[in-house]
Amino acid sequence: MVDILAASRQSKTDTPLRTLTAISVAHWVSHFHLFVLPMLFPFLKEQLGVGYVELGFALAVFAVVSGLTQAPMGYIGDRIGARKILLMGLTAGGAALIMLGTHLSYSWLIGSAALLGLANSVYHPADYAILSAHMDEARMGRAFSIHTFAGFLGGAIAPATVAALVAAIGGHGALIVTGAVGPLVALLLLLANVPDASAADRGEADGARALQPGIVTPAIIVLTAFFMLLSLSNAGIGNFGVVALMSGYGSSFSTANVALTAFLGFSAVGVLAGGFLADWTQRHGQLAAVCFALNAAVVLVIAIVALPALPLIVAMGSAGFLGGVIAPSRDMLVRNAAPPGAAGRAFGIVSTGFNIGGIISPLLFGWIMDQDMPHWVFGASVAFMAFTVLLALVTDRNPKPGIGTVDARLMQL
């Protein structure tokens with residue numbers, strides 16, 4: 001009898017951890033696959049005989065398809081089950097790269113980019129629906145932070161991994177091997193027996209309660225704009241920060257790259273720290289507003305002052321850390337705004353904000369650089385951050401008390 005009880009307790013402990021691990025690995029794959037095609041641009045340009053405009057069009061196709069299908073995938077996941085669409089996304093993304101590796105042509109590149117965009121659209125709706133349904137409420141912020149950190153990690157190791165594969169087995173082989181990661185992780189999720197999140201799993205008859213209309217609320221609309229501004233705030237620095245620092249501030253190539261590395265690296269550290277903060281308060285909008293206001297102040301200093309190398313690196317790292325801290329609170333805002341049983345749809349809708357920002361930002365910041373205004377790469381980011389602060393405060397006017405609040409925790413002591 002003791003053994004049975006012990007096994008039961010162990011099972012209850014292992015299931016959330018196993019689920020979080022498996023879903024985080026899936027998120028790692030999504031960000032890893034995001035960087036495969038850009039890292040192979042030199043190979044693709046040479047093999048296909050096309051220019052960077054044609055290659056950039058493939059990325060635009062990816063962004064448009066992902067943006068248009070993310071919300072529908074949330075609806076589908078809430079109806080048929082988030083696990084099913086996650087497994088299909090992992091498999092489809094892997095198949096897209098494998099097919100390109102075995103049939104390399106420009107038409108296959110565009111088709112593969114479209115399929116990758118469709119695959120990418122499942123991750124946020126499916127991942128967050130499963131985590132929302134099966135993680136411990138008191139540790140939800142940390143669960144979201146680990147999930148986000150795994151995505152950052154996937155993007156961080158992709159360039160070196162793809163470069164090593166190209167050196168070892170060539171571009172064709174690199175496409176096939178990186179693609180094979182998707183189906184292998186899908187198999188891992190099956191072996192881990194990751195739980196589902198759908199109307200049937202919640203015990204709702206015919207899914208009627210979960211699928212009733214009303215998901216596009218004012219809060220969801222505001223959060224979609226919030227996600228778009230977050231994307232615009234970070235994309236300019238991430239994509240154009242190096243060239244802006246070199247052309248507008250006299251930074252060397254190595255200093256500018258170290259500064260960007262500090263920005264990206266400390267963003268990942270900030271995500272983990274933000275998970276603990278998100279679990280200690282329900283005022284997620286206020287936390288996000290404070291961190292982004294401080295972030296805006298730091299980036300404003302970078303914009304108007306030509307900092308020496310070390311202060312510049314410290315400032316960029318600080319900005320990255322503050323930007324990362326808000327990620328778990330950002331996700332908690334969406335979860336709290338979602339109607340019962342609609343987490344997949346809510347995250348699917350608001351995540352289109354990222355895609356909209358991803359379409360606008362290269363054009364906007366590219367135009368800024370073409371106008372020889374590198375200081376405005378950081379200046380425009382500050383402006384977007386200021387609007388983000390305002391929207392974060394709007395979403396947090398009436399926080400509800402609960403187990404995640406500081407007051408509730410103090411009362412339990």
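# Exercises on a helical chain

Ser233 is placed in helix α9, residues 218-249. Helices (H or I, at least four residues) and strands (E, at least two) are DSSP runs, numbered from the N terminus. The model is predicted, so local features need pLDDT of at least 70 and side-chain atom pairs count only at pLDDT 80 or more, while totals for chains, interfaces and linings use all residues. Residues are numbered from 1 along each chain as its sequence is written, and side-chain values use heavy atoms, with hydrogens and water left out.

## Exercise 1: an alanine in α7

Task: Find where Ala126 lies and which residues Ala126 touches.

Solution. 
Step 1. Ala126 belongs to helix α7, residues 123-134.
Step 2. Its relative accessible area is 0%, so Ala126 is buried.
Step 3. Residues up to four places away in sequence are not counted; Ala126 then touches Ala82, Ile85 and Leu86.
Step 4. Ala126 and Ile85 are 41 residues apart along the chain, and their C-alpha atoms are separated by 6.9 Å.

## Exercise 2: helix pairs

Task: Describe how α4 and α13 are placed relative to each other.

Solution. 
Step 1. Axes are lines fitted to C-alpha atoms, for helices over the stretch in contact, and angles run from 0 to 180 degrees between N-to-C directions.
Step 2. The axes of α4 (residues 52-80) and α13 (residues 343-350) come within 7 Å and cross at roughly 175°.
Step 3. Angles under 35 degrees count as roughly parallel, over 145 as roughly antiparallel, 65 to 115 as roughly perpendicular and the rest as oblique. α4 and α13 are therefore roughly antiparallel to each other.
Step 4. On the α4 side the contact is made by Gln70, Ala71, Gly74, Tyr75 and Asp78, and on the α13 side by Ala343, Gly344, Arg345, Gly348 and Ile349.
Step 5. Ala, Val, Leu, Ile, Met, Phe, Trp, Tyr, Cys and Pro count as nonpolar, Asp, Glu, Lys and Arg as charged, and the others, Gly among them, as polar. The residues of this contact divide into four nonpolar, four polar and two charged.

Task: Sort the residues in the contact of α14 with α15 into nonpolar, polar and charged.

Solution. 
Step 1. Helix α14 (residues 352-370) packs with helix α15 (residues 375-394) at an angle of about 145°, and their axes are 10 Å apart.
Step 2. Leu364, Phe365, Ile368 and Met369 of α14 meet Trp376, Val377, Ala380, Ser381 and Phe384 of α15.
Step 3. Of these residues, eight are nonpolar, one is polar and none is charged.

## Exercise 3: loop residues

Task: Describe Asp372 and Met373, both in the loop between α14 and α15.

Solution. 
Step 1. Asp372 has a relative accessible area of 62%, so Asp372 is exposed.
Step 2. Asp372 is not a glycine, yet its phi is positive, about 60°. Most residues other than glycine have a negative phi.
Step 3. Met373 counts as partly exposed because its relative accessibility is 29%.
Step 4. Leaving aside neighbours within four places in sequence, Met373 is in contact with Trp367 and Ile368.

## Exercise 4: the core

Task: State how many residues the largest nonpolar core has and which helix gives the most to this core.

Solution. 
Step 1. A nonpolar core is a set of buried Ala, Val, Leu, Ile, Met, Phe, Trp, Tyr and Cys residues joined through side-chain atoms within 4.5 Å.
Step 2. The largest has 111 residues, and those with the most contacts inside it are Leu44, Leu86, Leu90, Leu189, Phe226 and Phe378.
Step 3. α9 gives the most, with 13 residues.

Note on methods: Contact = heavy atoms within 4.5 Å. Buried < 20%, exposed > 50% of the residue type's maximum accessible area, 1.4 Å probe, protein only.
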